[in-house]
Amino acid sequence: MAEPLLELAAVNTHIGQYHILHGVDFAVPRNQLTMLLGRNGAGKTTCLRTVMGLWRASAGGVRYDGRDITRAATPDLARLGIAYVPENMGIFAGLTVQENLLLASRGGPPDERRLERIFGLFPAMKKFWHALAGNLSGGQKQMLAISRAIVEPRKLLLVDEPTKGLAPAIIGAMIDAFRELKRDTTLLVVEQNFHFARSLGDTVAVMDSGRIVHTGTMPQLAADEQLQRRLLGLSLDSHQ
Amino acid sequence: MKALFDWRPLALVPALALGALLFVPSAPTWLTLTVAGLAMGMMIFIMASGLTLVFGLMDVINFAHGAFISIGAYAAASVLLAMKVQVQAPSLGANLSAIAAAVLAAAALAGVLGLFFERVVIRPVYGDHLKQILVTMGGLIVCEQLILVIWGPDMIPLPRPATLTGAVLLGDAAIERYRMLAVVVGLVVFASMWLVLSRTRIGLLIRAGVENTEMVEALGYRIRRLFVGVFVAGCALAGLGGVMWALYQESVTATMGMQVMVVIFIVIIIGGLGSVGGCFVGALLVGLTANYIGYMAPKLALGSNILLMVLILLWRPRGLYPVGK
Amino acid sequence: MIGALLSGDTPRSRLLAALLLLVLIGLAAAPWVFPGTRALNVAAKVAVFIVLAASYDLLLGYTGIVSFAHTMFFGIGGYGVGIAAAKLGASWGGLALGVLLSLVLAVVLALAIGLLSLRVRAIFFAMITLAVASFFQILASQLSSFTGGEDGLNFRLPAVLHDRLIAYYIVFASALALFLLLLRVVNSPFGRVLQSIRENEFRAEALGYRTVLYRSVANCLGALGATAAGVLYAIWLRYTGPATTLSFDIMIDLLLMVVIGGMGTLYGAAIGATLFVVAQNYLQDLMKLASDAAKGLPLLPELLHPDRWLLWLGVLFIVCVYYFPAGIVGRLRSMRRIG
């Protein structure tokens, strides 16, 4: 089996005097979508931010594509092919959709074919090309955030709660988009919407109080209702 | 859905000017006052723009900004005194070349000092606003004292170049020549900044960085490097502003930069911390108000800026064009 | 008993205690130990500025807010006394009224400034206080029929206050009492909450403390301290004017005193104020000697010129902010731990 694209080993993170991550261990296999699940405050966002270098791990190591990136700076990680879509989407409200995407494509104007792909996944991007990103709806902003993450080829996508606050119809469009993305990118997605998680996840890791309490495959977890209830307090079958 | 421009704050400028027409009895006087107000506003804008941009992008407040204004003024004074021939020549070309040389010297000196200042004074206290205020205040004191050491405590008179003294007559209105130059320079500076911010990739980075520095880094840009460039540019702008201001007042003193800081702070608060456009509108409003009130009710003139600030904050508590962060 | 007087906040360093004792004795016995009007003037100024700096430390060191309006309150105290004495004559009633009104005005202004701008970031607050103080300065110089304009007000006080000795001891005793009062405030539960807010505002909010309220109260207390100092200074000088109270230079001097002395210790403000005022009056003589001695050398005479003493203080100030955030007092206290 190929080496995992991303691997966290005994990662501890402190924010000020608060100890958030207590020795996190898990791996993200290549070309699969790994779901990071857990209750609120379990440390999922902290995990992503630590990987992305926005917060520094106080102990432990992070390996990406065979190299140690524990101490790497955020811009360098982006240049290595990691894209980050934060919980608040991080779009630039004062810039247009076009400008947001222009900024995201560091190597010059966006590649035509990639733009076509984006327009195919999210037609709204083409429609609102010259609109100020701040005037878009919640769902459209999320689409923009993801478009930005893929306007240049990336190896790994870190996505934090992509369906948060979105209407069910939009979530459906998101599922299709992510299914399309899965074909050539590795993804690590933090989610609370279990319908979304179940539809897309290949691998799953569950966090609680800053620790990984379960890793395995999604079909495994989906089949075991008792396990679901124990880990998440809810059944994966509940549609949200 | 094209981007909708918030025109109301900008509309305040002509509204104020036209409103003043009701209170100023004669049209020629109104014209003189308006040009004077615009000129003052432009100069304040040049001096303030660097500060608001640095704050918006880097979240750094540089209380020593006034020192860079003074340094620019002193550098210009030295250059202009050395170029007495060109300054006193009755040729616009010679005069402008002298001013251009002075401006270059001022911006260069202020910029280089800004580089030093960012590295030595500011960088150790990124993120700590309390320490920034204290340290930059200390920097202001030290810079001002060093100016006194190098150039001495006496006020240096700075006469305007020959073709820029006096006034032209437009009908019955006397418009000072130098003030017209100030308006032109201010417009050029604003237009240049506008173009850079809206048409270049660096401008894009700055606008995005002002909103969310973290995300810009997550897109792969080493934005810290940009910080230094923007800081230096801000200091150079302060130096340029200092030159214009010194020629306007026709004198150079060590405390001139510090004295204008209160007005600058008022302008960037009115405009919205971090907004260049807001700073422009705010500066024009302040300049016009000071001149109109100075004519109509001289006793109120000095405090008029602050009253203007209070009024605007009541309407828009975050300034005319707030920038996200 | 001394512990109770100092509200449990002892110097915690032999050297510091000795220095403070020296200052206290020096001030208490000034008319005899340092004869001459100039020396007595310096002593009175030291006493006043100890209170002024200590009240500023309450804001800067204990609450963590930088305000540039402190000299405005200093001026309010001075002008309260001055205007009352000038308009109502040299009576105790008039004096009391002036003091009362200035204290009330100070609280009202401090509350207004606090509630309006303490919600915002430190930088915004600092700029607003600068603007407000500047506005007040303009008012003081423009309403000259009331305030004496740029020249200020010379006035007469009740006859007994014209005796230099009596006036001095009233200033000294009041300053001492105010300092001990401030010590009490910062060591009370209120003071401890202030410090926790300064350390970590987020956490304090999470613990249920309404930080804006606490900061506003601190702002008011600081303002009251400054106003009281202004009253004392006006009583001593029998004069109030913009240059002696409202000038931005004084604001800068306060910053220097508190930071170099040691933020958040109150004793630092005392030491800082003493050193500063004494140096301001006597160090410059020393610098003049050095500057004359260096004549002929490049730049050195200008750098050592007595008027440039602020340059060196400014450098010291910056060094303190970076390397000695607890100033002289912090240094003395940490020395004790090593030794």
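Mentor: Happy to! In this predicted model, strand 2 (residues 167–170) of chain B pairs with strand 3 (residues 173–176) of chain B in the antiparallel sense, over four bridges. Two residues lie between the strands, which form a hairpin. In the turn, look for G171(B), with a positive phi of about 70°.

M89(A) is not a glycine, yet its phi is positive, about 75°. You will find M89(A) in the loop between strand 6 (82–85) and helix 3 (97–104) of chain A. M89(A) counts as buried because it has 22 C-beta neighbours inside 10 Å, and the cut-off for buried is 20 or more. S209(A), also not a glycine, has a positive phi of about 50°. S209(A) sits in the loop between strand 9 (203–208) and strand 10 (211–217) of chain A. With 13 C-beta neighbours inside 10 Å, S209(A) counts as partly exposed.

Now back to chain B, for the chain contacts. There, 27 residues of chain B are in contact with 30 residues of chain C. Helix 6 (129–151), helix 11 (256–271) and helix 13 (298–315) of chain B each supply at least two residues of the side that touches chain C. Helix 6 of chain B gives the most, with 15 residues. By class, that side of chain B has 20 nonpolar, five polar and two charged residues.

Note on methods:
Residues numbered from 1 in each chain as written. Chains lettered and ligands numbered in written order. Predicted model: local features only at pLDDT ≥ 70, side-chain atom pairs only at ≥ 80, totals over all residues. Contact = placed C-beta atoms within 7 Å. Nonpolar A, V, L, I, M, F, W, Y, C, P; charged D, E, K, R; others polar. Pairing = 2+ DSSP bridges. Buried ≥ 20, exposed ≤ 12 C-beta atoms within 10 Å, placed from the backbone.
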